[in-house]
Amino acid sequence: MFSFIIRRTFSSIPTILILILISFALMRLAPGSPFSSDRGLPPEVLANLEAKYGLNLPWFEQLYTYLKGIIFSFDFGPSFKYKDRSVNDILAQGFPVTLTYGLWSFFIAVAVGIPLGIAAAVRHNTKLDYLAVGFSIGAQVLPNFVMAPILVIIFTLWLNWLPGGGWNGGEWQYVIMPVIALSTSYMASIARITRSSMLEVLSANFIRTAKAKGLANSSIILNHALKPALLPVISYLGPAFVSMITGSVIIDIYFSTGGMGQFFVDAALNRDYSLLMGVTIVFGVMTILFNTIVDIAYAWLDPKIRL
Amino acid sequence: MTDIIKPMFEVNNLKISFATNDGIVEAVKGVSFHINPGECVGIVGESGSGKSQTFMAAMGLLAKNGHADGSIIFQGHNLLELSVEQLNHVRGKNMSMIFQDPLTSLTPHMTILAQMREVIALHMDLNQADTDRVCREWIDRVRIAEGARRLNQYPHELSGGMRQRVMIAMSMLCSPSLLIADEPTTALDVTVQAEILDLMDELKRENGTAIALITHDMGVMARMCDRLHVMRYGEYVEEGTAEDVFYNPQHQYTKMLLDSMPRIDNPDRTSHHKLKPIDDSQTGDDFLVVDDLKVHFKIKVGGGIWPKTLPLKAVDGVSFKLREGETLGIVGESGCGKSTLARAVLQLIPPTDGVVTWIGKPLSGLKKEELKDKRKDLQIVFQDPLASLDPRMTIASSIMEPLLTFAAHMSKTDMKERVMKMMDRVGLNRNMINRYPHELSGGQNQRVGIARAMIMQPKLVICDEAVSALDVSVQAQIIELLIDLQAEFKLSILFISHDLAVVREISHRIMVLYLGRVVEMANSRDIYDNPIHPYTKQLISAVPVPDPKIERARKSIKIPGELPSPMDPNAQFKFLPSKRDQVAQGYQPKLIEHSPGHFVAEHDPLETLLA
């Protein structure tokens, strides 16, 4: 396993480099610059600004400086939009927010979704199963930009239990609604995947063998069926985890949490090159990291997979 | 017959039905039978006859839509009336079951030991040390070498035969009084089958375990059973002692089953179509020539930062010639490279080395377009008839497809006419023309596969386990069809099978493969009457014969040791241990012409190997 991690680390280096190159190229190919706004700055001012951020240099020099900053000092450079703030500062402020509500959402989605899926499969074609399937479909078709206002109407306007937005350092009242809004559809997907893979495993030949041994149903499910049934769930959880902890634009904007999802959109709209690159790279590294963790989890669940 | 012994397992007027979308289907229509202590009772029948369902009901393993009526009395209880909790005290303890497919019947993520411990923890009151001791004893008892290591391995690390032995060990842990074996050896090679059957017979004699054996194979029945029931369409059509049923069958169906069974000891069954002998004077020698063909696959071994690859020599230097109108049978156990060889001959897999010459011109190294022209004359019929047809195409369009590729100039009506004629020829009713594969039986689908292969009137057809998945009666019909087609179209056939009795019926010459190399090649009569290589002898001795007296008197040859891995450089020296020290110099056993046309690979005498 150790050599697998090393191999995976080395093979991820070119992936990340290509990711940087492509996003760098895409942004430079689009016409305009961070400072070309409607107001129309005088050309001298514009040239001064571009010189300050090094945008007047040839592209390969810009790329070289940028890469050098990342590799040697883990510095994503200054933000083009927010004066006097570096990308590192902005990420350091936004990431803890998304990480907090992302982790909670992930935990709740898994803790409810998996048992629900298992129960539905075990009680296949009963009321419980229909209820679980109904919930999964409902929660999946209900987008979170509908979910969020509904939550606000109920808990803030009618019941007046929870604040309608803000973050306040992650106090629990402020975290609840973002977590519910974000986790519901993931919970539904997890339940659905768990259910169908559990159903498949329960009809496998080795489950028949386990029954023939005289094992009780509970131990058949826990000891024999659960691990193989989790394989497809795990491969869904990797990417789902990444997109949860890197935040959701809708959640960030609707609840004004100040998380990373918001920066991603802002940066793209404002042509804040360095912030956009920074967010992209964080997203890319997370994806690679959690795919690796998924592969390791696979090896734990299935002895046939050797890393 | 007076039953002084009280039967231990008694089935009375058992009916099993399944609720399906097409209404209620009756799988078992009121059968009664009993099993006495220490007796082996066989249930024989073809697929869909309901032979397994009786015992599935006894074990509480019927599908959810199944319903059983009547009674199954075991140790004073009617098993059909027990709750799942009550049944859990019986199954796995007093009555246990092994299944057809050992590859999927063990839980993949649990070690062998963990799966065995589970049974003991459930049904016996033993401490950890005693539990492990009992497990170890049974693993040794079913003759799994290196038991201590094997117990800590996962199922995928064991061969199919070993996994079935683990299944047997696991079901014997609590010394049950009844062992139910549902097609226990059907998925296994003949030599492994022989060992498993011997083991079960030993358990019956030494432990007094009664065995219920469910199979389609009359040869297995003859070897194992004291009494047997012949089942068809959910009913017993004949029952009696093995001697009665085999030597004096009453029912038409039993006679038909016995007659369709190809017999390795007697290739000239009366009802059978005869192979057309080859006229040597007319046929040239250069029809299909395969010279030193090699197919090596690169296999990753071990971990590390830079994993190494080793070549797996699936086919390692095979040479043969095939004449016009001749059938060459290729036999060998799973993993011997017979299918890879077939595919390499047709260039479906690029050979690593060697030359295939087809009517004087090389097939290997051709461009895609050139090869496509040749494919018209080179066809293949695959093992799984249903899976090899496109499920979304009617059978007529499947049969017609080669015409669209190779005879595009023909009009649609002409094509249709030709398809109809071909369907007549292979025995498919013309009104099936618009059916889909899933609406046909396995035998009918295989006829479609043959019709598709034959429609361009090819000169060479490769049959890759073409009859292995079929019931014996259907298998016999397909073989007769192939023999007839061969006589009619002067067809050459490469007939690949693991079933030596089937190969004998259809082949002029036979080649025995062992881990990618030819160990013996000769006329089919010579190879069965006078096998020379120890491996050939072992294979032939392992095939069960549907005759209880012959079968029980016969001793099968067992060469010690498991089938080695094809990646082991020593593998070929299993039969030539005296020259094993020359492996390092790249020595390979040579193929020597023993008598005209009879080639045998270098080997040590059988006696030394057995010693």
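Predicted model: local features only at pLDDT ≥ 70, side-chain atom pairs only at ≥ 80, totals over all residues.
**A walk through the two chains**

Leaving aside its neighbours within four places in sequence, A:Ile305 is in contact with A:Tyr298 and A:Ala299. Is it buried or exposed, or something in between? A:Ile305 counts as partly exposed, because 13 other C-beta atoms lie within 10 Å, and a residue needs 20 or more of them to be called buried, or 12 or fewer to be called exposed. If you look for A:Lys52 in the model, you will find that 253 residues separate it from A:Ile305 in sequence, and that the two lie 53 Å apart in space, taken from C-alpha to C-alpha.

Let me stay with H12(A) and turn to its packing. Two packed helices are described by the angle between their axes and the distance between the axes. For helix H4 of chain A, residues 87-122, and H12(A), the axes come within 10 Å and cross at roughly 50°, which means that H4(A) is oblique to H12(A). The crossing of H4(A) past H12(A) is right-handed. On the side of H4(A), the contact is made by A:Val87, A:Ile90 and A:Leu91, while H12(A) brings A:Ser274, A:Leu275, A:Gly278 and A:Val282. Sorted by class, this contact between H4(A) and H12(A) has 5 nonpolar and 2 polar residues, and no charged residues.

Now to the place where the chains meet, to which chain A gives 25 residues and chain B gives 26 residues. On the side of chain A, the elements that give two or more residues are helix H1 (2-29), helix H8 (205-213) and helix H9 (217-245). Which of the elements gives the largest share of that side? The largest share is that of H8(A), with 8 residues. By class, the side of chain A that touches chain B has 12 nonpolar, 5 polar and 8 charged residues. Within H8(A), the residues A:Phe206, A:Thr209, A:Ala210, A:Lys211, A:Ala212 and A:Lys213 are buried, and what covers them includes H9 of chain A as well as strand S6 (95-98) and helix H3 (112-123) of chain B. After H8(A) comes A:Gly214, which has a positive phi, near 95°.

Strand S11 of chain B, residues 288-301, runs antiparallel to S12(B) and is joined to it by 12 bridges; B:Lys298, for example, has B:Pro311 in S12(B) as its bridge partner.

Elsewhere in chain B, strand S19 (residues 509-514) is joined to strand S20 by 6 bridges, and the two run antiparallel. S19(B) and S20(B) form a hairpin with 2 residues between them, and in the turn B:Leu515 has a positive phi of about 45°. Strand S20, residues 517-523, is mostly covered, with 6 of its 7 residues buried. B:Glu520 in S20(B) is the bridge partner of B:Val512, and B:Glu520 also has a bridge partner in S22(B), namely B:Val600.

Definitions and conventions:
Residues numbered from 1 in each chain as written. Chains lettered and ligands numbered in written order. Contact = placed C-beta atoms within 7 Å. Helix = DSSP H or I, 4+ residues; strand = E, 2+ residues; numbered from the N terminus. Nonpolar A, V, L, I, M, F, W, Y, C, P; charged D, E, K, R; others polar. Pairing = 2+ DSSP bridges. Axes fitted to C-alpha atoms, helices over the stretch in contact; angles between N-to-C directions. Parallel < 35°, antiparallel > 145°, perpendicular 65-115°, else oblique. Left-handed = near helix turned anticlockwise from the far one by under 90°.
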